[in-house]
Amino acid sequence: MDEKDVEAVSAICIVSFLRSIADTLSKEGISTFSTIAASNAFLDRMKGDNLILVAEDDGKIEGVIELKEGRHVAMFFISPERQKKGIGRKLLSSVLNHAKVETVTVKASLSSVPAYEKYRFERKGETGESADLVYQPMELKLNKALKIS
């Protein structure tokens, strides 16, 4: 992801979130997500040890995935009109090539758990809540995982 992509990436995350996750959360949870998905928050995370990849077609951003510290998947969103076309699979496969650990984790929104299970992530522990965001801890053991792509 380049700085020029930040606005488009933020917009995809927010639109996807509003369509599939927001109605399951409190106002506080929605506010927390909006802060995390804001353009300036992406810019700040780009300066740290986070890898942020985008999928684009003809110069238009279609999806994003973030890998924090080489170990934790975050902000994995595909534009709603481009979902179920293999974009997420390609993004996840690409970002996993940069993992620095054998077990990659994610705090999956409850509505995204089936998608992560399709990618061979397994539920680990009970659902949790942080800053009013509800999630299911999951992990993927890379040394045992089937090839995702």
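Reader: Is Leu-92 buried or exposed, and in which helix does Leu-92 lie?

Author: At 0% relative accessibility, Leu-92 counts as buried, because a residue is called buried when its relative accessible area is under 20%. Please keep in mind that this is a predicted model. Leu-92 belongs to helix H4, which covers residues 87–96. From C-alpha to C-alpha, Leu-92 is 11 Å from Phe-77 in space, while the two are 15 residues apart in sequence.

Reader: How should I read an aromatic pair, and how many aromatic pairs does the structure hold?

Author: The general idea is that two rings pair if their centres lie within 6.5 Å, and that planes over 60 degrees apart count as edge-to-face. The structure holds 5 aromatic pairs. One of them joins Phe-76 and Tyr-116, whose ring centres are 6.0 Å apart and whose planes stand at 65°, so this pair is edge-to-face.

Reader: Which parts of the chain does the pair of Phe-76 and Tyr-116 tie together?

Author: Phe-76 sits in strand E3, residues 72–78, whereas Tyr-116 sits in helix H5, and so the pair ties together parts that are 40 residues apart in sequence. Both Phe-76 and Tyr-116 are buried, and for Tyr-116 the reason is a relative accessibility of 7%.

Reader: Which other ring forms an aromatic pair with Tyr-116?

Author: Tyr-116 also pairs with Phe-121, again edge-to-face, with 5.2 Å from centre to centre and 80° between the planes. Phe-121 has a relative accessible area of 3% and is therefore buried.

Reader: Let us turn to charges. How many salt bridges does a search of the whole structure find?

Author: Side chains of opposite charge can pair when their charged atoms come close. In this structure the search finds 9 salt bridges. Among them is the one between Lys-141 and Glu-139, in which the closest N and O atoms are 3.2 Å apart. Glu-139 is buried, with a relative accessible area of 18%, whereas Lys-141 is partly exposed, with 36%.

Reader: How far apart are N and O in the salt bridge of Glu-122 and Lys-124?

Author: The side chains of Glu-122 and Lys-124 meet with 3.9 Å from N to O. Glu-122 is partly exposed, having a relative accessible area of 49%, and Lys-124 is partly exposed as well, at 37%.

Reader: Which residues are linked in a network of salt bridges?

Author: The network links Asp-2, Lys-4 and Asp-5. Within that group, Lys-4 forms a salt bridge with Asp-2, and their closest N and O atoms are 4.0 Å apart. Lys-4 counts as exposed because its relative accessibility is 63%, while Asp-2 is partly exposed, with a relative accessible area of 45%.

Reader: Which residues form the positive surface patch?

Author: The positive surface patch is formed by Lys-84, Arg-89, Lys-118 and Arg-120. The general idea is that patch residues have over 30% relative accessible area and no salt bridge. Arg-120, for example, is partly exposed, with a relative accessible area of 43%.

Conventions
Residues numbered from 1 in each chain as written. Predicted model: local features only at pLDDT ≥ 70, side-chain atom pairs only at ≥ 80, totals over all residues. Heavy atoms only, no water. Patch = residues over 30% accessible without salt bridge, like charges linked within 9 Å, V, L, I, M, F, W, Y side chains within 5 Å. Areas by Shrake-Rupley, 256 points an atom, 1.4 Å probe, with all protein chains shown as cover. Lys, Arg positive; Asp, Glu negative; His and termini not counted. Charge placed at Lys NZ, Arg CZ, Asp CG, Glu CD. Buried < 20%, exposed > 50% of the residue type's maximum accessible area, 1.4 Å probe, protein only. Phe/Tyr/Trp six-rings, centres within 6.5 Å; stacked < 30°, edge-to-face > 60°. Helix = DSSP H or I, 4+ residues; strand = E, 2+ residues; numbered from the N terminus.
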